[in-house]
Amino acid sequence: MSPFDLLDVDSSLSAEERQIRGVVRQLVDDRVRPNVAGWYEEGRVPARELAREFGKLGLLGMHLTGYGCAGASAVAYGLACLELEAGDSGVRSLVSVQGSLAMYAIWRYGSAEQKQRWLPAMALGEAIGCFGLTEPDHGSDPASMATRARRDGDDWVLHGTKMWITNASVADVAVIWARTDEGVRGFAVPMDTPGVTVREIRHKMSLRASVTGEISLDDVRLPAAARLPEAVGLKAPLGCLTEARHGIVWGALGAARDCLETALDYATGRTQFGRPLAAFQLTQAKLADMAVEWNKGYLLALHLGRLADARRLRPHQVSVGKLNNVREALAIARKCRTILGANGVSGDYPVMRHANNLESVLTYEGTSEIHQLVIGQRLTGLSAFS
Ligand SMILES: Cc1cc2nc3c(=O)[nH]c(=O)nc-3n(C[C@H](O)[C@H](O)[C@H](O)COP(=O)(O)OP(=O)(O)OC[C@H]3O[C@@H](n4cnc5c(N)ncnc54)[C@H](O)[C@@H]3O)c2cc1C
C-alpha cells in the first residue's frame, strides 16, 4: 500500500495481519493524526482516554493470551506498533509500556491473584501500568540499582527513586524492580499505596505526547502478595525489555514511513527552479537511499517477528533490530527534514516531531551503544560493558 514498500514485503503478511494493520491505521488516522501536533505542542496527551479506546480495539497486551488479551501474533503486534508510531512515538510508547512491560511482567512473572487483579482491567485500558527500572543514577547499568526492598515480618518495604518512567502519573499500578538480600525482585505496586509519589517530568524536547515521571518510594509497605513470585534476578526485567524492544523494531519504521511519505508528497508538490523538487537527481538520490534502508528495516522486522512467533527470537537478535531500525529511522527523519526545507522545522508537518521523538527511542530500551555491546559480546565472546 505504501509506495515505499519497494520489495512488496507486504505480500508476505497474512490476511489477518493485514486486517489488524488496517484497523490500527484507521484508528491512528481518526484519533491521533488530527490531534497529535496539538498534544505535542502542549506537552500533554489524553493518556487515559486513549488507553480506553486502544483497549476497546484489543491493542493493549494484544500479543498475550488469556485475561481478555487478544492473543495476536508477534508480527501482528509489530504491525500495530508500526502504525501507532506512524502517528507518534509517544502514542506507541503508551501501548508498548502497558502491554510489553507492565502487562507482560505480570503475565509472565505474576501470581494467579495478581493476574486476575490487574490484567483484565489493563487489557481494557481501565487500569494503566508503568515499569520502573531506571533510576536517577542508574540507567544503562540496572544491576547497580539503589532501590531496596527489605522484609519486615510478612511485608516488604520499598525505598528508592525511579526516573524517566513512562505513564507514571497516570498509572494505577507500577511494576517496580528493587534489590533484596536475595537479588533483584519485582513488585506490583498500586500507585495509591502510602509513600508512593510521582513528579511529572515536563519540558521534554522529545516524546512530548507521552507522560513521563519520577516515582519516589518512601518506605512503601506492601504485603507479601505484591511480589511477582516468578521474577528472580535481573533476567526478569531484561525479559520484559526484550518483548518491548521487538515492538520498537517495528515502531521506528512507522515514524520513518510517515516522514518518507510526507517528504515524497512535499517534493512532488513544491516547485523550485521551475521543476518539482522530486525531479532533481539529488532529491531522488535521497529518496532512493532512504527507501532502500526502510525496506531493509522492514525485512529485518518481519524476520524477527516470525522468529518470535516460532518462539526462537533471542535477545541479541532483538538488539540487531533495535540498533539498526531506530538508528536508520532517525537518519531518515533527519534527511526527510532537509527535503522540506524551512517547513521541515514547522509543527505543521510531522517530520521534526518524529525526528525529536526518535532521539528518545534511540536512548530508551537500551541505548544504541548498549545494543552494540550486546552484539559485540555475541561476536567476540568478550564483555565490554564495564
Ligand atoms: C522519554 C523516555 C521514557 C522512558 N521510559 C522509561 C520507562 O518507562 N521505564 C524505565 O525504567 N526507563 C525509562 N526510560 C529510561 C531509559 O531506559 C534510560 O534513559 C536508558 O536506559 C539510558 O539510561 P540513562 O539515561 O541513565 O543513560 P546512561 O546509562 O547514563 O548513559 C549515558 C550515555 O553513556 C553511554 N553508556 C553507558 N554505559 C556505557 C558503556 N558501558 N559503554 C559505552 N557507553 C555507555 C550510553 O549509551 C549513553 O550514550 C525512559 C527514557 C526516556 C528518555
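Colleague: How many residues in the lining of the second largest pocket are nonpolar, polar and charged?

Modeller: The model is a predicted one. The second largest pocket has a volume of about 450 Å³. Among the residues that line the second largest pocket, those closest to its centre are His63, Ala74, Glu243, Ala308 and Arg311. By class, its lining has 8 nonpolar, 6 polar and 4 charged residues.

Colleague: Which element gives the largest share of the lining of the second largest pocket?

Modeller: Helix 4 (74–87), helix 5, helix 7 and helix 8 (281–309) each give two or more residues to this lining. The largest share, 3 residues, comes from helix 7.

Colleague: Which element supplies the largest share of the lining of the largest pocket?

Modeller: About 1500 Å³ of space lies in the largest pocket. Its lining has 50 residues, and Leu133, Leu241, Arg245, Glu365 and Gly366 are the closest to its centre. The largest share of this lining, 9 residues, comes from helix 7.

Colleague: Where does the ligand sit?

Modeller: Strand 3 (155–166), helix 10 (351–363) and helix 11 (368–380) each supply at least two residues of the shell around the ligand. The space taken by the ligand is the largest pocket.

Colleague: What share of the ligand's exposed area does the protein bury?

Modeller: A nitrogen atom of the ligand is 2.7 Å from a polar backbone atom of Trp164, and a ligand nitrogen atom is 2.8 Å from a polar backbone atom of Phe385. Taken alone, the ligand exposes 970 Å², of which the protein buries 68%.

Terms used
Residues are numbered from 1 along each chain as its sequence is written. This is a predicted model: local features need pLDDT of at least 70, side-chain atom pairs count only at pLDDT 80 or more; totals for chains, interfaces and linings use all residues. Side-chain values use heavy atoms; hydrogens and water are left out. A polar contact is a pair of N or O atoms within 3.5 Å; within protein, one must be able to donate a hydrogen and the other to accept it, and residues adjacent in sequence count only if both atoms are side-chain atoms. Accessible areas come from the Shrake-Rupley method with a 1.4 Å probe; for residues, only the protein chains shown count as cover. On a 1 Å grid over the protein atoms alone, a cavity is a set of points where a 1.4 Å probe fits but cannot get out, and a pocket is an open set with protein on both sides within 12 Å along at least five of seven lines; lining residues have an atom within 4 Å of a point. A molecule sits in a cavity or pocket if more than half of its atoms lie within 2 Å of its grid points. Helices (H or I, at least four residues) and strands (E, at least two) are DSSP runs, numbered from the N terminus. Grid points are joined across faces, edges and corners, and a volume is the space filled by probe spheres set on the points. Ala, Val, Leu, Ile, Met, Phe, Trp, Tyr, Cys and Pro count as nonpolar, Asp, Glu, Lys and Arg as charged, and the others, Gly among them, as polar.
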